[in-house]
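Here are some notes to read alongside the structure. Please keep the sequence at hand while going through the points.

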Amino acid sequence: MTDQKTFKVNNRHIMQSGIMNPTLREWQGCNSQITTGNFMYPVFIIEKDDEIQPISSMPGINRFGINKLRDHLEKIVENGLKSVLLFGIIDILPKNDTATSADDKDNPVIRAIPKLRKWFPDLTIACDVCLCPYTSHGHCAILAPDGRIDNSASLERISDIALSYAKAGAHIVAPSDMMDGRIGAIKTKLVKNNLGNKVAVLSYTAKFASNFYGPFRDAAKSKPSFGDRKCYQLPHNSSGMALRAADRDVSEGADMLMIKPVMAYMDILKQIKDKYPEYPMFVYQVSGEYAMIYNAAQGGAFDLKPALMEIMGSLRRAGADVIISYFTPLVLEWLKLKNKL
Ligand code: PBG
Ligand code: ZN
């Protein structure tokens, strides 16, 4: 017999015994499991009820008139869709300095909410609240004559718009404007109007000035006509500002918090979730992330399904409770297949 050298592994260092079949592997990461309730689907609604407009920078994503949206959502709701995030886009209504079309009675979101409530009674409806799709200059604020942000005029207008969506029947209002004090302004107005316990406020808490919003600005026709959004969205080198924003939004009464974009900001996600575990944590996998993943799969870098599921699981592991994603219909389809097996 030859004197064979063996390497002994300490019993506590045997890992393969814990991951030897799919069930055991799943047990290792229960906090990163994915179910239908973990997804919110963003949709773009236009004024012409029977129209569908493809968005070239977001292959596979369309803007829908409300009747077409109904057809589109029917199957997704059947597959377990629990909530949508509505964005209005206008071509016919005017854009102006005070974003009057945001809560006009003909605004596509204002018109869509009661219909969606009726057609899909179990669907939770969130509305993005911002001025940029409706201002002539494309900024998320009311501007003073010198071109600077008029914060208090912006708060007044943004909280009015949020109230209009709430009155139209939205379950959740989600301000994405990043004005200082918006959560408090909206909450106060909701409470005054007896909607304090009927409507939730989802804050775009850590919304960074990001290069990943490009395709969305195409989709929503909300590109600023001059300058950028760096004076109100957070600088992407700063975790301090993100934590201060979370502290502020919590103290002003936010019901739920959000990180946006997410893949380049998972450290922020983890920090804020660790600091505020009591609050449901949303992440927005934004348009540029959608395009990046979609195009990488198209280019053969990876197979879409396993790569996307890896990403979704990672977001859950890092602390995301709800993932706002343009891939939602696809993921729900896959979950249904998986559960049937
Ligand atoms: C508007 C708004 C933006 C997004 C959501 N709401 C764009 C922006 O701030 O310029 C981005 C969504 C996406 O890129 O998918 N305030
Ligand atoms: Zn905006």
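1. In this predicted model, the zinc ion (ligand 2) has three cysteines as its protein donors: Cys 130, Cys 132 and Cys 140, each through its SG atom. They lie 2.2 to 2.3 Å from the ion. Along the sequence, the donor residues of the zinc ion (ligand 2) follow the spacing C-x1-C-x7-C.

2. What is the geometry of the site of the zinc ion (ligand 2)? The site is tetrahedral, with 4 donor atoms and angles of 99 to 119 degrees among them. As for accessibility, Cys 132 and Cys 140 are both buried.

3. Now the strands. Strand 4 (residues 83-88) is mostly covered, since 6 of its 6 residues are buried. One side carries Ser 83, Leu 85 and Phe 87, the other Val 84, Leu 86 and Gly 88, and both faces are covered.

4. Which strands pair with strand 4? Strand 1 (residues 39-45) pairs with strand 4 in the parallel sense over 6 bridges, and Met 40 stands opposite Ser 83 there. Strand 5 also pairs with strand 4 in the parallel sense, over 4 bridges, and here Leu 85 is opposite Ala 126. Together with helix 3 (residues 108-119), strands 4 and 5 form a right-handed β-α-β unit.

5. Strand 5 (residues 124-129) pairs in turn with strand 6, in the parallel sense and over 4 bridges. Val 129 faces Pro 175 across this pairing. To get from strand 5 to strand 6 the chain passes through helix 4 (residues 151-168), in a right-handed β-α-β crossover.

6. In strand 6 (residues 172-175), do the side chains lie buried or exposed? Ile 172 and Ala 174 point one way, Val 173 and Pro 175 the other way, and all are buried. Strand 6 is joined to strand 7 (residues 200-207) by 2 bridges, and the two run parallel. Ile 172 stands opposite Ala 200. The chain reaches strand 7 from strand 6 through helix 5 (residues 182-192), and this β-α-β crossover is right-handed as well.

7. The largest nonpolar core has 114 residues. Among those with the most contacts inside it are Phe 44, Leu 86, Leu 116 and Tyr 165. Helix 4 gives the most to this core, with 7 residues.

8. What does Tyr 165 touch, leaving aside its neighbours within four places in sequence? Its contacts include Ile 110 and Ile 113, Cys 127, Asp 128 and Val 129, and also Tyr 134 and Val 173.

Notes:
Residues numbered from 1 in each chain as written. Chains lettered and ligands numbered in written order. Predicted model: local features only at pLDDT ≥ 70, side-chain atom pairs only at ≥ 80, totals over all residues. Heavy atoms only, no water. Donors = N, O, S within 2.8 Å, 3.2 Å for Na, K, Ca; no water. Tetrahedral: all angles 85-135°; square planar, octahedral: opposite > 155°, others 65-115°. Buried < 20%, exposed > 50% of the residue type's maximum accessible area, 1.4 Å probe, protein only. Pairing = 2+ DSSP bridges. Right-handed = clockwise from strand over helix to strand, strands pointing away. Core = buried A, V, L, I, M, F, W, Y, C linked by side-chain atoms within 4.5 Å. Contact = heavy atoms within 4.5 Å.
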